[in-house]
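Have a look at the model first, then go through the notes by topic.

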Amino acid sequence: MLPKFKKYVVIGAGVHGLSTAWHLAKELKARGKGSGEDIVILDKSGVAAGASGIACGVIRNFYFQPAMGEVMRVSVEVWEENQEDFHYNPVGYLAVAGPVQEHDLETIFERQQRSGYRSDLILGEQNVHDYMRAMLPDWKARGLTACLHEKQGGFAFNKASMLGLAAKAEAEGVKILSGVEVTGFDIRGDLVRAIQTNQGTIEADQVIIGAGPWIKSLWTMLGLPNVIDIRTPGGDVVQDQPMWTYWRLAEGEIHFDPKTYVTAEGKVPPVIHIDSSEPLISTKTGNLITDQLWGIYFKPDKQGVQGGATPENLGTSAQLDPYGTQSQLYVVKEDFVDYWTAGLAHCMKRFEGSHKIYDWSPSGGIGAFTADNFPVFDFMLPNVYVIADSNHGYKMIGVGKEVARVLMGEASSVLYPFRFARFSQGELHPVSNSPYPWS
Ligand SMILES: Cc1cc2nc3c(=O)[nH]c(=O)nc-3n(C[C@H](O)[C@H](O)[C@H](O)COP(=O)(O)OP(=O)(O)OC[C@H]3O[C@@H](n4cnc5c(N)ncnc54)[C@H](O)[C@@H]3O)c2cc1C
């Protein structure tokens, strides 16, 4: 049953809502200011019903933007500290790219060295090729001149990790209420006094929102702007930019005996991300798919290999429900399968013809991206903290830890670069040469 009042109401039982509630409960207890019993999480469906429950689960620090690298550093710490409970596989992450991104990889590597994040950088076409072949003897992609091998990070299993996180929060006394949909806010002055739901109204001192791709609906309920002006770092103002844009993330799997996908040393291979300008040839038709910059990523999975490719821009509106279930939106497109399996075959001989073992189940999902494609972590009203991760965030499990400290009145240098005011202040994040909106 919906209580009449809770000091802290968290909306959304995805990675951010759960992590914030768990860490907040610990902060309250440690400071003698309360406990998890002061916190309730409301979710219109339930734990892991959103993006966190369908994410590929890749955990990496590979970001050109220093502020993103910091978020990932604190997040990987949380994954590492809870490896078993969060079903985390610390196999590492490997980014291989051609000359156009070489400088980006060098910059990221140097920053990782300074921050103590463990990684190696290999430069030069032949060196990269030799490095990859030493690890995976049938590696065959050429034309790649830089390889950043992050020795931390890897992947986790989406739903299992969220259930682990929910158990941590519940063990601290947090209540998670499923089937409670937030439909509006009772706003007096600039404060939310109560949250309206399909199960009644609940009053709160503090609201935390982690609504994943549904953020636009909550944002609109709060009366926040869906179109904003952005000051560029050069000082020009670009007017009327959409605050939210949706991208369809195409992902899929090939199925085979996963025990056969191991490195030369017999270990589970790292997550691999490749961006290349070499011709991409369909293994199904033998036709050229593209000779422009293309990219795929893939990771070991329980039934073979799972991964994805560059996403598709859907514009400013998208049908989000039902999310991750059978629906037209998730029907796998043939051109994605052709592209992704061609990319796999481009990398390794063992994946030649892998379109034949493609699993055609609905896959992928939708992400809501902000006006600059980077997260907004901020108080959008004095008692409403919004965690809008711009679809970067399964890996960002440490954001909740930082938000909990902020809710206790502390400052967070990790979250500060993601304040909403950056758009009007022209303090945007640097842009990389990656073909993805999230690197
Ligand atoms: C296909 C795909 C693959 C991805 N792969 C990766 C990856 O490999 N690595 C990575 O780091 N990130 C990945 N992401 C991004 C990542 O999944 C998201 O950024 C992250 O999970 C968002 O977490 P969240 O807690 O904000 O939202 P969600 O996990 O979406 O949770 C939001 C919750 O809010 C609830 N909710 C929404 N509206 C309401 C309402 N009105 N009232 C009550 N409850 C509500 C929903 O039911 C949902 O449970 C991927 C995303 C997709 C779609």
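Two residues are taken to be in contact if their C-beta atoms, placed from the backbone, lie within 7 Å. Keep in mind that this is a predicted model. With that contact rule in hand, start with helix 1, which meets helix 8 through His16, Ser19, Thr20, Trp22, His23, Leu24 and Glu27. The residues on the helix 8 side are Val399, Gly400, Lys401, Val403, Ala404, Arg405 and Leu407.

**Helix 1 against helix 8**

- Sorted by class, this contact has six nonpolar, five polar and three charged residues.
- Helix 1 covers residues 15-30 and helix 8 covers residues 399-407; they pack at an angle of about 45°, with their axes 7 Å apart.
- That angle makes helix 1 oblique to helix 8.
- As for handedness, helix 1 and helix 8 cross in the right-handed sense.

**Helix 1 against helix 5**

- Helix 5 takes in residues 158-171, and its axis comes within 8 Å of the helix 1 axis, crossing at roughly 30°.
- Angles under 35 degrees count as roughly parallel, and helix 1 and helix 5 are therefore roughly parallel to each other.
- The crossing of helix 1 with helix 5 is left-handed.
- On the helix 1 side you'll find Val15, Leu18, Ser19, Ala21, Trp22 and Ala25, and these meet Met162, Leu165, Ala166, Lys168 and Ala169 in helix 5.
- By class, that contact comes to nine nonpolar, one polar and one charged residues.

**Around the ligand**

- The ligand is surrounded by 40 residues, and the closest are Gly12, Gly14, Gly50, Gly212 and Gly365.
- Which elements give two or more residues to this shell? They are helix 1, strand 2 (39-43) and strand 24 (365-369).

- Eight strands make an open sheet with mixed pairing, and their order is 6-7-5-17-20-21-16-23.
- Strand 6 (119-123) and strand 23 (358-359) are the edge strands, each pairing on one side only.
- Strand 16 (residues 251-255) pairs with strand 23 in the antiparallel sense, over two bridges.
- Look for isoleucine 254, which stands opposite tyrosine 358 in strand 23.
- Helix 7 (residues 334-347) lies across strand 16, strand 17 (271-276), strand 20 (294-301), strand 21 (304-309) and strand 23.
- Relative to strand 21, helix 7 runs at about 115°.

- Another group to pick out is an open sheet of three strands in the order 3-8-4, with antiparallel pairing.
- Strand 3 (58-59) and strand 4 (88-89) are at the edges with a single partner strand each, so one side of each has no neighbour in the sheet.
- Two bridges link strand 4 and strand 8 (residues 154-156), which pair in the antiparallel sense.
- Asparagine 89 sits opposite phenylalanine 155 in strand 8.

**A hairpin**

- Strand 25 (residues 376-381) and strand 26 (residues 384-388) run antiparallel and are joined by five bridges.
- What do strand 25 and strand 26 form? They form a hairpin, with two residues between them.

How values were computed. Residues numbered from 1 in each chain as written. Predicted model: local features only at pLDDT ≥ 70, side-chain atom pairs only at ≥ 80, totals over all residues. Axes fitted to C-alpha atoms, helices over the stretch in contact; angles between N-to-C directions. Helix = DSSP H or I, 4+ residues; strand = E, 2+ residues; numbered from the N terminus. Parallel < 35°, antiparallel > 145°, perpendicular 65-115°, else oblique. Left-handed = near helix turned anticlockwise from the far one by under 90°. Nonpolar A, V, L, I, M, F, W, Y, C, P; charged D, E, K, R; others polar. Near = placed C-beta within 6 Å. Pairing = 2+ DSSP bridges.
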